[in-house]
Amino acid sequence: MTQDEMKKAAGWAALEYVTKGSIVGVGTGSTVNHFIDALETMKEQIKGAVSSSVASTERLEKIGIQVFDANEVASLDIYVDGADEINPGNDMIKGGGAALTREKIVAALSDKFICIIDDTKKVDVLGQFPLPVEVIPMARSYVARELVKLGGDPCYREGCTTDNGNMILDVHNLQITNAKELEDKINAIAGVVTVGLFANRGADVVLEGTPNGVVKS
Ligand code: 5RP
């Protein structure tokens with residue numbers, strides 16, 4: 001089974017969490033693209049979606065699913081999104097696709113975070129995948145120096161402007177043993193918009209595509 005087939009299996013498995021008449025929180029990435037394909041089969045039964053990126057919005061609208069502004073909804077039943085890494089406590093690194101800020105907003109609005117992954121994303125300790133941090137452009141160098149003080153090795157993501165007009169620093173060489181604490185520390189640095197650690201609001205359900213089918217935890 002290829003990695004993409006495992007992503008597809010996880011994406012389609014998330015369909016069972018979608019309730020009729022609801023507005024669905026939709027994340028970003030190649031695994032979520034499979035979920036969007038699956039959601040098309042239910043498009044007459046849902047009210048619409050709140051999306052975490054311009055890319056997902058375009059994909060949803062193309063198949064006729066109405067996309068609501070996040071300000072129009074008080075809460076969402078579910079948010080379905082992928083991850084770059086996830087540990088046994090369901091803390092995640094996200095933001096490989098640079099959509100971390102809107103992802104965090106839609107996740108915060110949602111009662112249940114359903115994380116869809118292939119079996120390469122599970123790790124014991126977060127940090128092998130460089131941690132994305134979205135920063136205000138004028139704060140780039142300051143934030144980078146602060147991240148070095150926290151033990152990381154930040155690299156500017158060349159050619160990447162987020163949907164919010166900001167830039168991304170990818171922080172290498174971190175061994176994240178206390179994800180909540182690090183999330184709080186990085187959030188407190190002036191100029192940081194969002195850190196791609198999703199620990200204070202982690203996943204509630206994980207659907208992992210494996211060669212033996214989808215494993216739920
Ligand atoms: C985008 C994300 C994605 O969820 C993450 O990068 C996983 O992507 P994929 O499903 O393509 O492996 O956080 O910002």
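These legends describe close-up views of a predicted model.

Residues are numbered from 1 along each chain as its sequence is written. The model is predicted, so local features need pLDDT of at least 70 and side-chain atom pairs pLDDT 80 or more, while totals for chains, interfaces and linings use all residues, and side-chain values use heavy atoms, without hydrogens and water.

View 1. The ligand sits in the largest pocket. A pocket, on a 1 Å grid over the protein atoms alone, is an open set of points where a 1.4 Å probe fits, with protein on both sides within 12 Å along at least five of seven lines. A molecule sits in one if more than half of its atoms lie within 2 Å of its grid points. There are 17 residues around the ligand, and Ser 30, Thr 31, Asp 84, Gly 95 and Lys 121 come nearest.

View 2. The side chain of Asp 84 places an N or O atom 2.6 Å from a ligand oxygen. Lys 94 also uses its side chain, with a polar atom 2.9 Å from an oxygen of the ligand. Gly 95 uses a polar backbone atom, 2.8 Å from a ligand oxygen. Taken alone, the ligand exposes 370 Å², and the protein buries 91% of that. Areas come from the Shrake-Rupley method with a 1.4 Å probe.

**View 3. Helix α2 and its cover.** Helix α2 spans residues 30-40, and its buried residues are Thr 31, Val 32, His 34, Phe 35, Ile 36, Ala 38 and Leu 39. Buried means under 20% relative accessible area (1.4 Å probe, protein chains only). Helices (H or I, at least four residues) and strands (E, at least two) are DSSP runs, numbered from the N terminus. The cover over these buried residues includes α1 (3-13), β1 (23-26), α3 (54-62), β4 and β7 (110-118). Thr 31 counts as buried because its relative accessibility is 5%. Beyond four places in sequence, Thr 31 touches Lys 7, Gly 11, Ile 116 and Ile 117. Contact means heavy atoms within 4.5 Å.

**View 4. Ile 78 in strand β4.** Strand β4 covers residues 76-81 and holds Ile 78. Ile 78 is buried, at 6% relative accessible area. Leaving aside neighbours within four places, its contacts are Tyr 17, Val 18, Val 24, Gly 25, Ser 110, Lys 112 and Ile 114. Val 26 is 52 residues from Ile 78 in sequence, yet 8.6 Å away in space, C-alpha to C-alpha.

**View 5. Lys 104 in helix α4.** Lys 104 belongs to helix α4 (residues 100-109). This lysine is buried, with a relative accessible area of 19%. Its side chain makes a polar contact with the side chain of Glu 183 at 2.7 Å. The Lys 104 side chain also reaches the backbone oxygen of Val 195 at 2.9 Å.

**View 6. Two positive phi angles in loops.** Most residues other than glycine have a negative phi. Asn 90 is not a glycine, but its phi is positive, about 65 degrees. Asn 90 lies in the loop between β5 (85-86) and β6 (92-93). Ala 98, also not a glycine, has a positive phi of about 70 degrees. Ala 98 sits in the loop between β6 and α4.

Key. Buried < 20%, exposed > 50% of the residue type's maximum accessible area, 1.4 Å probe, protein only. Near = heavy atom within 4 Å. Polar contact = N/O pair within 3.5 Å; in protein donor to acceptor, adjacent residues only side chain to side chain. 1 Å grid on protein atoms, 1.4 Å probe; cavity = no way out; pocket = protein on both sides within 12 Å on 5 of 7 lines; lining within 4 Å.
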